[in-house]
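Hi there,

Here is the structure I promised to pass on to you. Have a look at it first, and then read on for what turned up in it.

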Amino acid sequence: MLGKLSQLFWIFLKINLLSTSGPASVGLLYQEVVGKLVAQSQFVQAVGLSSVLPGSDALQLAMYIGYAVAGIPGGMVALIASILPPTIIILGVTLILHRIRREAWVGNFVEGLAPAISVLMVFTAWNIFQKGGATGWQGWAIGAISLVTMLLKAPAKIVILIAGLVGIVLFS
Amino acid sequence: MNEQQFSVWSRLLWMFLKVNMLSPSGPASVGLLYDEAVGKIMTEEQFVEAVGLSNLVPGSEALKLAMFVGFAAGGFPGVLTALLGSILPPTAMMLIVAAILQQLQRENWLKGFVTGMSPAVAALIVTVAWELFPASTRKIGRRTLLITALSAIAFWVKIPSPLVLVGAGILGVMLYSKRSFG
């Protein structure tokens, strides 16, 4: 139990140091936990749910994964580890009075991260699609329709809910 | 503590509880937060600065923004209050839903639901990847393309993702800093 908790703590600490924003953490999180701590289906549930519920997606995703691995203590550890890096950095920044604007390398580091994170997410999306079980024409259709509607700014939570409901009809 | 300060803190707490109950995601909270905070507890200039700074720091941006706003309005106790207000609603909701879902793992309809959701979740991630890609905010330079290509190769040959990301960040420091001098 303690081993799993410290594993969770380290994973979420790492993820939050290496992602530019909340949604950007999905790709890295997938690589770090799926197949090791949680199953693919649990991860899909976590991403789906956290985009359906109101509030910060990234935190909810972290808590769901934490909870799935080690119950309520797991959820709490995941939450704390996600909050620590930005909190410490921000308290540090405000302490040294916005010095970070002159420290251009921090901004450049984050800027260099951005394209790599986008690439990682495309790889992750492909993994999720492939291992999701719906790789026949129905799966491609659901994926294509979801992609088009979301690029046209349809709310993600509604698209995902409908896709799930269609899944109940088609696959269960 | 004097009474005036206390009222700033309780206002911060209430404000962030509200924003986090109502906003579907982190980035979506920026607009709502603007309406709630600007002109009341901070100036427009302070708000713009907070949004800008939170893009510079790694981690979840909704939280970083909340902390900057909290600091502008109420110093360090303001930071902690904003953090608390932002964390409580998603925590409570997520733990309840997670607890219920764990009971349902063996249900057949849930398997169908997840199977159907998988392609849509993959599509969502592609959408987010597209939005995150620097193309939307700055013109794609050769530097950005270079980092994109190198990281694609690195992920393809299965180099561990944290290493690739650290490498991309370091490359960013090396490539982008030259621009500011010339």
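**Helix α3 of chain A**

Let's begin with α3(A), which has 13 residues and reaches 19 Å from its first C-alpha to its last, close to the 18 Å expected at 1.5 Å a residue. Please keep in mind that this is a predicted model. Is α3(A) largely enclosed by the rest of the structure, or left open? Eleven of its 13 residues are buried, so α3(A) is largely enclosed. The buried residues are S41(A), Q42(A), F43(A), V44(A), Q45(A), A46(A), V47(A), G48(A), L49(A), S50(A) and S51(A). Three of these names return in the contacts of Y64(A), which touches A46(A), L49(A) and S50(A), and also M94(B) and A98(B), leaving aside residues up to four places away in sequence.

**The nonpolar core**

Y64(A) also belongs to the largest nonpolar core, a set of 105 residues. Along with Y64(A), the residues with the most contacts inside this core are I65(A), V69(B), V121(B) and I125(B). Helix α4 of chain A, residues 57-95, gives the most to the core, with 18 residues. As general background, nonpolar side chains tend to be buried together in soluble globular proteins.

**Chain A as a whole**

Stepping back, chain A has seven helices and zero strands. Of its 172 residues, 58% are buried. Among the contacts in chain A with a separation of 6 or more, 57% join residues 24 or more positions apart.

**Where the two chains meet**

The contact takes 92 residues from chain A and 77 residues from chain B. On the chain A side, α1 (2-17), α2 (25-33), α3 (40-52), α4, α5 (104-131), α6 (137-151) and α7 (156-171) each supply at least two residues. Which helix gives the largest share of that side? It is α5(A), with 24 residues. Sorted by class, the side of chain A that touches chain B has 58 nonpolar, 30 polar and four charged residues.

α6(A) has 15 residues and spans 21 Å from its first C-alpha to its last, close to the 21 Å expected at 1.5 Å a residue. Its buried residues include G139(A), I142(A), G143(A), S146(A), L147(A) and M150(A). Why do they lie on the same side of α6(A)? They cover an arc of only 125° around the axis, which puts them there together.

In the loop between α6 and α7 of chain A you will find K153(A). K153(A) has a positive phi of about 75° although it is not a glycine. For context, most residues other than glycine have a negative phi. K153(A) is exposed, with 8 other C-beta atoms within 10 Å.

K158(B) counts as exposed, with 9 C-beta neighbours inside 10 Å.

The model scores ipTM 0.76 and pTM 0.74. For chain B, the mean pLDDT is 77, and 82% of its residues reach 70 or more. Within chain B, confidence is lowest in helix α3 (residues 44-56), at a mean of 72, and highest in helix α6 (residues 142-156), at 87.

Happy exploring!

Definitions and conventions:
Residues are numbered from 1 along each chain as its sequence is written. Chains are lettered from A and ligands numbered from 1 in the order in which they are written. This is a predicted model: local features need pLDDT of at least 70, side-chain atom pairs count only at pLDDT 80 or more; totals for chains, interfaces and linings use all residues. A nonpolar core is a set of buried Ala, Val, Leu, Ile, Met, Phe, Trp, Tyr and Cys residues joined through C-beta atoms within 7 Å. A residue is buried if 20 or more other C-beta atoms lie within 10 Å of its own, exposed if 12 or fewer, and partly exposed in between; C-beta atoms are placed from the backbone. Helices (H or I, at least four residues) and strands (E, at least two) are DSSP runs, numbered from the N terminus. Two residues are in contact if their C-beta atoms, placed from the backbone, lie within 7 Å. Ala, Val, Leu, Ile, Met, Phe, Trp, Tyr, Cys and Pro count as nonpolar, Asp, Glu, Lys and Arg as charged, and the others, Gly among them, as polar. The expected span of a helix is 1.5 Å times one less than its number of residues. The arc is that of the directions from the helix axis to the C-beta atoms. pLDDT is the predictor's confidence in each residue, from 0 to 100.
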